[in-house]
Amino acid sequence: MKVVIVAGGSGTRLWPFSRHSFPKQFLHFGDGQSLLQKTVRRFISTVDPSEMLIVTNQSYFHLVKAQITAIDPRPEHQILVEPEKKNTAPAICLALKYLQDVLQVDPSECVLISSSDHIISPEHRFLEA
């Protein structure tokens, strides 16, 4: 299974904490881990990091890279940068095209699409499903 994490949102709905330059997926709420880091950690317990693809835009590339490297410095983490910011559906299409054309993933393989900024609790129930 591949996991695609969409991390390009501009964070306008959680103002004033979330700003365009530092949206909510990069914020942490008292425990030292951002929502993006929690999302990646959630899936590491189920799939190898090399099976994950994080889609973001150029503005957030360095934030994504820094936060992901803090979890796992291995180069298998793949960050796909959108050529142009076009919202969620085009980002997912880009990721699927990238998986098929560049990484040559079997078209029959299961792909899970996840937001990078959701709190999921209890986590074990989500992973069981």
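Colleague: Buried means under 20% relative accessible area, exposed means over 50%, and partly exposed lies in between (1.4 Å probe, protein chains only). What share of the residues of the chain counts as buried?

Modeller: This is a predicted model, in which local features need pLDDT of at least 70, side-chain atom pairs count only at pLDDT 80 or more, and totals for chains, interfaces and linings use all residues. Residues are numbered from 1 along each chain as its sequence is written, and side-chain values use heavy atoms, with hydrogens and water left out. The chain has 129 residues, and the share that counts as buried is 35%.

Colleague: What pattern does the chain follow along the sequence?

Modeller: Helices (H or I, at least four residues) and strands (E, at least two) are DSSP runs, numbered from the N terminus. The chain has 4 helices and 4 strands. Read along the sequence, they give the pattern β-α-β-α-β-α-β-α.

Colleague: Which are the edge strands of the sheet?

Modeller: The 4 strands form an open sheet with parallel pairing, in the order E3-E2-E1-E4; two strands pair if DSSP finds at least two bridges between them. An edge strand pairs on one side only, which applies to E3 (78–82) and E4 (111–115).

Colleague: Which residue in E2 is the bridge partner of Val-3?

Modeller: E1 (residues 2–6) and E2 (residues 52–57) run parallel and are joined by 4 bridges. In E2, the bridge partner of Val-3 is Met-52.

Colleague: What angle does the direction of helix H1 make with that of E1?

Modeller: Axes are lines fitted to C-alpha atoms, for helices over the stretch in contact (heavy atoms within 4.5 Å). Angles run from 0 to 180 degrees between N-to-C directions. H1 (residues 35–44) packs on the sheet and touches E1, E2 and E4; its direction makes with that of E1 an angle of about 175 degrees.

Colleague: Within what arc do the buried residues of H3 fall?

Modeller: Helix H3 (residues 88–101) lies across E1, E2, E3 and E4, and its buried residues are Ala-91, Ala-95 and Leu-99. They line one face of the helix because, seen down its axis, the directions to their C-beta atoms fall within an arc of 75 degrees.

Colleague: Which residues are exposed on the other side of H3?

Modeller: The buried residues of H3 pack against E1, E2, E3 and E4. On the other side of H3, the exposed residues are Ala-89 and Cys-93.

Colleague: Against which elements do the buried residues of H2 pack?

Modeller: In helix H2 (residues 61–71), Val-64, Gln-67, Ile-68 and Ile-71 are buried. These residues cover an arc of only 95 degrees around the axis, so they are on the same side of H2. His-62 and Ala-70 are exposed on the other side. The buried residues of H2 pack against H1, E2 and E3.

Colleague: What is the angle between the planes of Phe-43 and Phe-126?

Modeller: Rings of Phe, Tyr and Trp (its six-membered ring) pair if their centres lie within 6.5 Å, and planes under 30 degrees apart count as stacked, over 60 as edge-to-face and the rest as tilted. By this rule there are 2 aromatic pairs. One of them, Phe-43 with Phe-126, is edge-to-face at 6.0 Å centre to centre, and the angle between the planes is 65 degrees.

Colleague: How many residues apart are Phe-43 and Phe-126?

Modeller: Phe-43 counts as buried because its relative accessibility is 3%, whereas Phe-126 has a relative accessible area of 33% and is therefore partly exposed. The pair links distant parts of the chain, with Phe-43 in helix H1 and Phe-126 in helix H4 (residues 123–128).
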